[in-house]
Amino acid sequence: MDAIILQTLNGLDKGSAYALIALGLTLIFGTLGVVNFAHGALFMIGAFCAVFLQRLLSLSTVTIDETQKDFLGNPLKVETPYVHNWFGPETGAAIIDWSVPLAILFAIPVMIAVGFIMERGLIKHFYKRPHADQILVTFGLAIVLQEVIKYFYGANPIPTPAPDALAGAVDLGTLVGFDPNVIIYPYWRLIYFFFAALIIGAVFAFLQFTTFGMVVRAGMADRETVGLLGIDIDKRFTIMFGIAAAVAGLAGVMYTPINPPNYHMGMDFLVLSFVVVVVGGMGSLPGAVAAGFLLGVLESYASTTWATTTIPGINQIIIYLVAIIVLLTRPRGLMGKKGVMEE
Amino acid sequence: MGILEVKNVNKRFGGLQALGDVNLSVEENSVHAIIGPNGAGKSTLLNCLIGKLIPDTGSVMFDGQSVLGRKPYEICQMGISRVFQTPEIFGELSVLENMMIPIFAKRDGAFRMHAIESSSNEKTIIEQAEHVLDSLNMADKRHMNSASMSRGDKRRLEIGMCLSQNPRLLLLDEPTAGMARADTNNTIDLLKQISDERDITIAIIEHDMHVVFSLAERITVLAQGTPLVEDTPDNIKGHPKVREAYLGESA
Amino acid sequence: MLGLNKKDFNLLLIVMALALLAPFLLNPFPSDSGLAQFNAGYPDLMQKFVIFGIFAIGFNILFGLTGYLSFGHAAFLGVGSYSCVWMFKLLGYNVLPGIMLSVVTSGIFAYLIGIVSLRRSGIYFSILTLAFAQMSFALAYSVLSNPKFNLTNGETGLQVYADDPQIFHSASAPDLPHLFGLSMRATEKLQIGAWEFQFNAGYYLCAIIMIAMFYLSIRIFRSPFGMMLRAIKSNNTRMNYTGLNARPYTLAAFVISGMYAGLAGGLLSAMDPLAGAERMQWTASGEVVLMTILGGAGTLIGPVLGSGLIKYFENIFSKINSTVLHNWFSFLPEGLEDLMVTLIYPFVGKGWHLTLGVMFMLIVIFLPGGLVEGGQRVKRLFKRRKSSDTDDEATQSTPAE
């Protein structure tokens, strides 16, 4: 029982990432009718926003302290981050320590801007081109983006730790009556899950309760009719693209303490998020979210020692296997609507 | 007993009764028109006939066999051909190739792996295709890209493609919609010629009364998903119920 | 001739000449000149040209004709590679059984993946094939490589070890891949003046197979089957209402192109008996898509041109480092020299993939028909200048070249 709870919890953080990426993919697909192969790259750029901010905050002045010597006997070089000079050593250290949460504030405008530029500069010109062209051009863009990041940040994963205060783990088991030390769960993963739930809730609320969201939902259902009403739907769709980019980017920012970011993390997540979208049902937002969590948790179950000793490597392919079974039994996915992406 | 028998067909979309108890019998070798105001359920009925929709209740029999639940290509192989409102042709292929494909399909069935075809066999197919094109007066256009033709020519080609398979029933969905007067008249003449020369049943859904009254031998009037009357064109013309249905629409 | 019309036959002759004379054509610069680094007449590289040519020709049968964009073709390449090495391990180093098994296993594999993926079309199909390829990669990389059951040898890659059975291996046969005793590495060198030309047995085996595969693809393109595939791309509705079942046609095309990919994978192993999982990665699938669209999808010669160009640039670009760049721009004033080097450096050497991505985007945006379409545009431009009164060319249907 406790093992099941633990694995369920372990699956939630990956599931949250899948759900957030799949949500953005579905939003873009539903509104613009474009499958964005560069969406994983947005997740990756988000993660590197955190890396960038961490490095920016750690920029230092170098002073030579004659009173101390390093092990070679030379005067010691002391690096003092600018933030220490500006805010005093204690506040400065705290700012650097909290760089990942701070990166959220930094990433939102950056990601929205990236989204706008991508949509206005490139994807807009592909609405009337065949789907194959849309896939190809976003695929090319994904390669370019990840190679640019690789050029600046190298190929190795970059550790980006969570703030010290949030680095520990919580013994969830004791809270619900299990023995101590049975269900231990890192704070940050808990935070990631709640953060994801918050964003998902915000997106749904936005679509449900604002006029803007209502128009977008109507546009997703029937673009032509909404266009006939004289509503400038294109502009709203651009904004939706920006929102989807921000969602993917924030998912990336918050994921950095769980998994040190590298340049190809986007593509790794993208393929799985596509599978999530297909399993959830193309064009269905609740489907994307539900399937994201479901597959994340399933993957976590498959990673237990019991599962991997029974079938070696099952954790690597479980998602694909589930996807195949779902597609064979429910070709439209779990919550797919009729008439979306059918001949 | 007609070649096409529709019995007690009902179809609901959510709360909307699209078809209510439709009974229809199309006589073999006749031209049968189905008319009715917008939203009368003409397209729904047609879609039930060609396997795109499955009615909630009722049966659709073609020559004694049910068509319900069959795939479009199977229905086509039973001998039902369909002409669409917007001509559906292979736009990226030449006119001649457009005509060859149905002839291949007639010869080989739904699938045949003829990756390497002997040239003499292919020559026979080409000759047949050219023969059909000749009869449509389209021989000079055979190497044209079919997408670049006029709408009237596309319609002609589409009808020709259907006829090349010698279907027993030809279903037409507003074949002259969006056409210029000259093209419309040409299409009427073509269809007249077809029904005179061949043993073929034609079922036609149409808005344009000019087309209907120049072609049809029997007419079914559909209103709100139910057949109002079925009769010869002369009797339909002055029928009070029909007038009511149409005036009700325009008022 | 050979069941081809004159134009197609000429095209076949051109490809034949290019393939067979490649050791001369690709070595235009004397070996001691500074331009020798642009030569491509080395066995390794030439083998890649023709092997990836086969890969792209096969991909084009699916994508070019039916319009179904598969993002997972590298999986079949990988399956072919592994199959071939397994034949080396079990039977011995003769390449023939290995290549044959590659084609068969990749065909079976393509059939299984095709049945599931082809339930959907368009974007769905692309995503499904991508997912299958990533799953195959995961299978090869870790799942099928464990002490109990080691099919792929994981990260190290599958290779032949001394204790493998190799039941048909005789002492007289070379201890490397060979065709009935003729080693794939056997290379004749011909010295003419300052030029050195290399004729490699492995290359010629691949080249002959590539020519045969090119011929087969022309026959498929021109056959009724090819016409049906183009019809599917053009209008699936009409296809259905003409009494044709599109799915077996697309499945057949998918399997055929999967077998082409498997053949290419088998040949890769036959030239270098080592198969690794990285051949199955999505970047490899993306590369064959790029080769095909760069040359021109749906055209006969396009994939051959595209694969040649990409493999050539890959080789040249990755060799360039900052020293080479500094040499090139040494004639410029120093500040300008550094600027040029800084600007170009990210695109060469290890940055080759960046160039690839940029090229990908530029081709899709500006030249979706690829180089063949580009060539036709240029030709049309010249024609229009010559005689402005012939305009019927544009309305005529242009059969794929």
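This is a predicted model: local features need pLDDT of at least 70, side-chain atom pairs count only at pLDDT 80 or more; totals for chains, interfaces and linings use all residues.

Modeller: Residues are numbered from 1 along each chain as its sequence is written, while chains are lettered from A and ligands numbered from 1 in the order in which they are written.

Colleague: How many helices and strands does chain A have?

Modeller: Chain A has 15 helices and 4 strands; helices (H or I, at least four residues) and strands (E, at least two) are DSSP runs, numbered from the N terminus. The radius of gyration of chain A, taken over C-alpha atoms, is 22 Å, close to the 20 Å from the globule rule (2.2 Å times the number of residues to the power 0.38) for 343 residues, so chain A is as compact as a globular protein of that length.

Colleague: And what share of chain A is buried?

Modeller: Of its 343 residues, 45% count as buried, meaning that 20 or more other C-beta atoms, placed from the backbone, lie within 10 Å of the residue's own.

Colleague: What about chain C: how many helices and strands there?

Modeller: Chain C contains 17 helices and 8 strands. Buried residues account for 50% of its 401 residues.

Colleague: How many residues does each side give where chains C and B meet?

Modeller: Chain C contributes 27 residues and chain B contributes 33 residues; two residues are in contact if their C-beta atoms, placed from the backbone, lie within 7 Å.

Colleague: Which element of chain C gives the most?

Modeller: That is α8(C), with 8 residues. The chain C side comprises 11 nonpolar, 12 polar and 4 charged residues. Here Ala, Val, Leu, Ile, Met, Phe, Trp, Tyr, Cys and Pro count as nonpolar, Asp, Glu, Lys and Arg as charged, and the others, Gly among them, as polar.

Colleague: Changing topic, at what angle do α5 and α6 of chain B cross?

Modeller: The axes of α5 (residues 151-163) and α6 (residues 181-197) of chain B cross at roughly 15° and come within 9 Å; axes are lines fitted to C-alpha atoms, for helices over the stretch in contact, and angles run from 0 to 180 degrees between N-to-C directions. Therefore α5(B) is roughly parallel to α6(B) (an angle under 35 degrees).

Colleague: Which residues make that contact?

Modeller: Among them are R155(B), I159(B) and L163(B) of α5(B), and N186(B), L190(B) and I194(B) of α6(B). The residues of this contact divide into 4 nonpolar, 3 polar and 4 charged.

Notes
A residue is buried if 20 or more other C-beta atoms lie within 10 Å of its own, exposed if 12 or fewer, and partly exposed in between; C-beta atoms are placed from the backbone. Angles under 35 degrees count as roughly parallel, over 145 as roughly antiparallel, 65 to 115 as roughly perpendicular and the rest as oblique.
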